[in-house]
Amino acid sequence: MTEFEEKLRQQHEDSMHRELEALLTTTNKAEAEISRKDFDGFKKLFHRFLQVKGPSVDWAKINRPPEELIQPYDRIKARGLPDNIAVSLNKLAVVKLNGGLGTSMGCKGPKSLISVRNENTFLDLTVKQIEHLNKTFNADVPLVLMNSFNTDEDTKKILQKYKHHQVKIHTFNQSRYPRINKESLLPIAKSMGTSGENAEAWYPPGHGDIYASFHNSGLLDKLIAEGKEYIFVSNIDNLGATVDLFILNHLMSQPADKRCEFIMEVTDKTRADVKGGTLIQYEDHLRLLEIAQVPKAHVDEFKSVTKFKIFNTNNLWISLPAIKRLQEKNSMDLEIIVNPKTLDGGLNVIQLETAVGAAIKSFNNAMGVNVPRSRFLPVKTSSDLLLVMSNLYTLDAGSLTMSKKREFLTTPHVKLGSSFTKVQEFLARFENIPDMLELDHLTVSGDVTFGKNVSLKGTVIIIANHGDRIDIPAGAMLENKIVSGNLRILDH
């Protein structure tokens, strides 16, 4: 860095620190104490953001991981299970990332409270899965929710309803960081409040914040004191992320000195996953490579399914004592994801974020496990919601499994147009969910509704042009059909 750049960097840092101190004076003492811890983490991130220039990886150093570091799931499953798997279960806690809102699907409040199947929300299904596990094996696996300031209050109100379930539920909050004005590199917040003019001033800094927040909350120490050794971490909207006893057994059966401290579940890429982060070998370590870190000239190569065959499902198994060790030594170095956003008023801001999987390079004996696609069933859009609500899946004890009646193990490719984006509108367009057991591909665009007991097979494309409407009649069977034009069915 030139002397000028160094002075400028120092200036930005000093100004940021002054602004943060000023913000802390706008709230009460207890709140300020919590926020000061958050700000300590933010300052470290901001310091590194000012230091880093250019892509954080040298493309020439990237190699495919050696085969022994990414084990096929079948090999792990072939080892079977010991009689006393309950002993291992009692050393596990399940952590669900619950910081997200349902805004992208037109819902207010936490995404985990959206109904996805038979009136069950993501949270209901999670609680049912863990309760089933605890009852079946007479175990004590607790559920831990990492909330954000956006989801904490609403989630806590709902937790009352699980009081009589056989699952202990803990929560902790991820940090609250200030959005930065892209031009001035200063916070846009006027005070520590989160409403009114400050409604858009704060953000939860990505799931990589789990390590610091979990440690700061005291919950990490509490779980270790209770004899827990590993956490299984996943996104709450991934309905495939259930506790896998074979992976758990693999972790627990390693000799103490060769204990694997981190497993990342990866699965084979399809065309839909080309942007997903992938595992690489980089300077003798396994490392997560995200698309945001890839130099522009290599983005197409990164997206290629031939060179990078797998992607990160964000289902992670992590050693609790290892998290404690790395946090206390302050030696977890997560790549910064700079997320630019334009607020409603047109202001350009940046959010500094980190990803939970990026920590893989800091843990000992880390490895990937290439799991079946069924362990990755995220619901990010109404197209995903249609799949999980359909007869492609059966629901048992909170877990969704692909119907035995489907001949293919892959799910159909579904693309629903903008009329289906919001959950309320989506539900209003189906009298009930069509039979999709033999469907390969569905594209729907425009003002389309579905009557009762519709059956879709093969490739079905339904396009209502602007101003037109198509009502698919009750009992219709569409196989390899394109439907376009105008079709109104009115009650007589």
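Ring pairs and salt bridges in a predicted model

Modeller: A network of salt bridges links Arg48, Arg287, Asp333, Glu335 and Lys361. The model is a predicted one.

Colleague: How many salt bridges are there by this rule?

Modeller: The count comes to 27.

Colleague: What makes Lys91 and Glu229 a salt bridge?

Modeller: The N to O distance between their side chains is 3.7 Å. The cut-off is 4 Å, so the pair counts as a salt bridge. Lys91 sits in the loop between α4 (85-89) and β3 (92-98), and Glu229 in the loop between α8 (219-225) and β11 (230-235), 138 residues apart.

Colleague: Why is Lys91 called partly exposed?

Modeller: Its relative accessibility is 28%. Buried means under 20% and exposed over 50%, so Lys91 falls in between. Glu229, at 23%, counts as partly exposed by that rule.

Colleague: Is Glu261 buried or exposed, and why?

Modeller: Glu261 is buried, because its relative accessibility is 10% and the limit is under 20%. Its side chain meets that of Arg325 in a salt bridge, 2.9 Å from N to O. Glu261 lies in the loop between α9 (245-252) and β12 (262-268), whereas Arg325 is in helix α11 (residues 320-329), 64 residues apart. Arg325, at 26%, counts as partly exposed.

Colleague: Turning to the rings, why is the pair of Phe42 and Phe46 called stacked?

Modeller: The ring centres are 6.0 Å apart and the planes at 15°. Rings pair within 6.5 Å, and planes under 30 degrees apart count as stacked, so this pair is stacked. Phe42 and Phe46 are four residues apart in helix α2 (residues 29-51), about one turn. Both are buried.

Colleague: What makes Phe311 and Phe376 edge-to-face?

Modeller: Their planes are at 80°, with 5.0 Å from centre to centre. Over 60 degrees counts as edge-to-face, so the pair takes that name. Phe311 lies in strand β15 (residues 310-319) and Phe376 in the loop between β18 (367-370) and α12 (382-389), so parts 65 residues apart in sequence are tied together.

Colleague: How do you know that the charged end of Arg176 sits over the ring of Trp202?

Modeller: The charged end is 4.4 Å from the ring centre. The rule asks for within 6 Å, and also for within 35 degrees of the ring normal. Arg176 also sits over the ring of Phe149, 5.9 Å from its centre.

Note on methods. Residues numbered from 1 in each chain as written. Predicted model: local features only at pLDDT ≥ 70, side-chain atom pairs only at ≥ 80, totals over all residues. Heavy atoms only, no water. Helix = DSSP H or I, 4+ residues; strand = E, 2+ residues; numbered from the N terminus. Buried < 20%, exposed > 50% of the residue type's maximum accessible area, 1.4 Å probe, protein only.
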